Amino acid sequence: MGYDSKTVGLRIRQARKDAGWSSQDKLIEQLQSRQAGISRTTLSAIEAVPDNSKPDDSKEDLRKKEKQEAKQREAVGHLSISTLCAMCDLFDCDMGYLLGEYEEKHRVAAEVCDATGLSETAVQ
């Protein structure tokens, strides 16, 4: 299954901020304490979400965005299972949420929301 690297990047960045860590260094430190690692360069590439293209973007702007998107795809593709598991533990979410398989943080909540039409907040 292919994952949308932009979604993964947005989810990781938002989960980090929701955890109260404004800097990427805090997340890196927390991951290292769980024997999982990620470099600052890789995390920056994952969290970098390029702006949507605009009709008046120059060819150079489009090339930069394409290059940034390629870096992000590569960085997401190199995330180890142990790093993803540690992130899930830190962010109290399932891996499927970080990977964009469902909108709610936990699969059970996603299934209940789908079946009932309730929001994740109502389910909790």
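## Glu47 and its surroundings

Leaving aside residues up to four places away in sequence, Glu47 touches Gly9, Ile12, Arg13, Arg16 and Gln24. In this predicted model, Glu47 is found in helix 3. The residue is buried, because its relative accessible area of 3% falls under the 20% cut-off for that class. The side chains of Glu47 and Arg16 are joined by a polar contact of 2.7 Å.

Glu47 takes part in the contacts of helix 3 with two other helices: it belongs to the contact with helix 1 and to the contact with helix 2. These two contacts are described in turn below.

## Overall architecture

The chain contains eight helices and zero strands, and its pattern along the sequence reads α-α-α-α-α-α-α-α. The C-alpha trace spans about 45 × 35 × 30 Å along its principal axes.

Of the 124 residues of the chain, 36% count as buried. Among contacts between residues at least 6 apart in sequence, 49% join residues at least 24 apart.

## Buried residues of helix 3

The buried residues of helix 3 are Leu43, Ala45, Ile46 and Glu47. These residues pack against helix 1 (5–18), helix 2 and helix 4 (59–77).

## Helix 1 against helix 3

Two packed helices are described by the angle between their axes and the distance between the axes. For helix 1 and helix 3, the axes come within 7 Å and cross at roughly 110°. The two helices are therefore roughly perpendicular to each other, since angles of 65 to 115 degrees fall in that class.

Helix 1 contributes Gly9, Ile12, Arg13 and Arg16 to the contact, while helix 3 contributes Leu43, Ile46 and Glu47.

## Helix 2 against helix 3

The axes of helix 2 (residues 24–33) and helix 3 (residues 40–47) come within 10 Å, with a crossing angle of roughly 120°. Helix 2 and helix 3 are therefore oblique to each other. The crossing in which helix 2 passes helix 3 is right-handed.

On the side of helix 2, the contact is made by Gln24, Asp25, Leu27 and Ile28; on the side of helix 3, by Arg40, Leu43, Ser44 and Glu47. The residues of this contact divide into three nonpolar, two polar and three charged.

## Asp92, an exposed loop residue

Asp92 lies in the loop between helix 5 (81–91) and helix 6 (95–98). With a relative accessible area of 52%, Asp92 is exposed, because the exposed class covers values over 50%.

Not counting residues up to four places away in sequence, Asp92 touches Lys105 and His106. Asp92 and Ala19 are 73 residues apart along the chain, and their C-alpha atoms are separated by 9.7 Å.

## Summary

Glu47 is buried, whereas Asp92 is exposed. Glu47 belongs to helix 3, and Asp92 to a loop between helix 5 and helix 6. Helix 3 is roughly perpendicular to helix 1 and oblique to helix 2.

Definitions and conventions: Residues are numbered from 1 along each chain as its sequence is written. This is a predicted model: local features need pLDDT of at least 70, side-chain atom pairs count only at pLDDT 80 or more; totals for chains, interfaces and linings use all residues. Side-chain values use heavy atoms; hydrogens and water are left out. Axes are lines fitted to C-alpha atoms, for helices over the stretch in contact, and angles run from 0 to 180 degrees between N-to-C directions. Helices (H or I, at least four residues) and strands (E, at least two) are DSSP runs, numbered from the N terminus. Angles under 35 degrees count as roughly parallel, over 145 as roughly antiparallel, 65 to 115 as roughly perpendicular and the rest as oblique. A crossing is left-handed if the near helix is turned anticlockwise from the far one by less than a right angle, and right-handed if clockwise. Contact means heavy atoms within 4.5 Å. Ala, Val, Leu, Ile, Met, Phe, Trp, Tyr, Cys and Pro count as nonpolar, Asp, Glu, Lys and Arg as charged, and the others, Gly among them, as polar. Buried means under 20% relative accessible area, exposed over 50%, partly exposed in between (1.4 Å probe, protein chains only). A polar contact is a pair of N or O atoms within 3.5 Å; within protein, one must be able to donate a hydrogen and the other to accept it, and residues adjacent in sequence count only if both atoms are side-chain atoms.
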